[in-house]
Amino acid sequence: MANKKKVVVIGDIFADMLTHIIAYPNCGDGTYGTPLKRNGGGTGGNIAAGLGVLGMDTSIICRLGDDEVGHYLKDDMQNYHVNNEGIPLDPETASGLVIIAVTPDGERTIWVLANGSAYEKLKPEDVRYLDKVQPDAIFVSGVMIGIHPAEESIFEVLPSWKGRARIYFDPNLRYPPDAVPPAVRASMQKLCAMSDVVLAGQSEMDALALTPSEGQTFIVKRGKEGSYLMDSAGNVVFRALPTEHVAVDATGAGDTYAAAFVCAEMEGSSVEEAMRFASVASGISVTRSGARSMPQREEIDEYLKKAGE
């Protein structure tokens, strides 16, 4: 496609380490499981990978550790056709890991071992990689809010892009809805107000008291219930119904939705068309295991064609 729109994702990249255990141990006890299987993960990494699979000109900004995991994750982005030049490797800080233990009945227990890791250390000069790319769209994951100095670095640079690039924001809230620190809520609201498009889960919208502003595209994701579009008065003006797919693994479905929506909109689809495209992409993705399960564009188009859309 000529003159492909350029998208930059600002977010986290972690290594997902998966094991299938025989049973979940009581505190103080042990268990047995399969050797850890490693995959690239993190919300930012997943969204960038989804955009890359769909053929978008995608880059990602994230600080990783100058360690074996960091090198693996940086190289891995290229497997999804994502430009990794915006990933500095920090010599003083380790990369983040996520350990996922799955019991025989399919229940997952997740440890995000990333407190104090390299992604938190994002610097203003890292974010200024935007100047080199000159993107048409910037996607910011809310995972970067509430960690320091990353949050300050983003707020130092991002406002200069308002009106120059379309700014997308997904809260990706990492706190229990009833225990969001006031400072994080305030920063999330600030980033929401700065964004052209907001893609929030229902519980995130409520927990963070996010409201649509005039001229903003505000989409509420409701998982297996689909998604809806709100106007600045808080009215639902369009609903994208869920697909009939049966979920095997819903990990990363929201990230898949977000990436597919950005892709469709950047390619000229209306908001309603982009929501439907995203619904189908996330519907197909939950029939596959893993967080990075963006379907090929042909599969999405074929589903929409069969559905008569």
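# Backbone, salt bridges and pockets

P149 sits in the loop between β10 (137-141) and α5 (150-157), where helices (H or I, at least four residues) and strands (E, at least two) are DSSP runs numbered from the N terminus. The peptide bond that joins H148 to P149 is cis, with omega at about 10 degrees. The model is a predicted one, in which local features need pLDDT of at least 70 and side-chain atom pairs count only at pLDDT 80 or more, while totals for chains, interfaces and linings use all residues. Residues are numbered from 1 along each chain as its sequence is written, and side-chain values use heavy atoms, with hydrogens and water left out.

## Backbone

Most residues other than glycine have a negative phi, and most peptide bonds are trans. Q134, which is not a glycine, has a positive phi of about 55 degrees. The position of Q134 is the loop between α4 (129-133) and β10. With a relative accessibility of 42%, Q134 counts as partly exposed; buried means under 20% relative accessible area, exposed over 50%, and partly exposed in between (1.4 Å probe, protein chains only).

A209 also has a positive phi, near 55 degrees, and is a residue other than glycine. The loop that holds A209 runs between α7 (202-208) and β13 (217-221). The relative accessible area of A209 is 44%, and A209 is partly exposed.

V184 belongs to helix α6 (residues 182-194). V184 is buried, at a relative accessible area of 5%. W111, in strand β9 (residues 108-113), is partly exposed, with a relative accessible area of 35%.

## Salt bridges

The count of salt bridges is 13, a salt bridge being a side-chain nitrogen of Lys or Arg within 4 Å of a carboxyl oxygen of Asp or Glu. Which residue does K221 meet in a salt bridge? The partner of K221 is D170, at 2.6 Å from N to O. K221 is in strand β13 and D170 in strand β11 (residues 166-170), so the pair ties together parts that are 51 residues apart in sequence.

Another salt bridge joins R288 and E299, whose closest N and O atoms are 2.4 Å apart. This pair links distant parts of the chain, with R288 in the loop between α9 and α10 (297-306) and E299 in helix α10, 11 residues apart. A further salt bridge is made by the side chains of K306 and E302, at 3.6 Å from N to O. K306 and E302 are both in helix α10, four residues apart, which is about one turn of the helix. R63, D90 and D126 are linked in a network of salt bridges.

The table gives the accessibility of the residues in the three pairs described above.

| Residue | Relative accessible area | Class |
|---|---|---|
| K221 | 15% | buried |
| D170 | 1% | buried |
| R288 | 32% | partly exposed |
| E299 | 27% | partly exposed |
| K306 | 71% | exposed |
| E302 | 45% | partly exposed |

## Pockets

On a 1 Å grid over the protein atoms alone, a pocket is an open set of points where a 1.4 Å probe fits, with protein on both sides within 12 Å along at least five of seven lines; lining residues have an atom within 4 Å of a point. A volume is the space filled by probe spheres set on the points, which are joined across faces, edges and corners.

The volume of the largest pocket is about 1,200 Å³. Its lining has 40 residues, of which A250, T251, G252, A253 and G254 are the closest to the centre. Two or more lining residues come from each of β2 (14-20), α1 (43-53), β8 (97-102), β9, α8 (253-266) and α9 (271-285). The largest share is that of α8, with four residues. By class, the lining of the largest pocket holds 13 nonpolar, 16 polar and 11 charged residues, where Ala, Val, Leu, Ile, Met, Phe, Trp, Tyr, Cys and Pro count as nonpolar, Asp, Glu, Lys and Arg as charged, and the others, Gly among them, as polar.

The second largest pocket has about 560 Å³ of space. It is lined by 20 residues, and L18, D249, T251, S289 and G290 are the closest to its centre. At least two lining residues of the second largest pocket come from each of β2, β3 (37-41) and β8. Which element gives the most to this lining? That element is β2, with four residues. The lining of the second largest pocket divides into eight nonpolar, seven polar and five charged residues.
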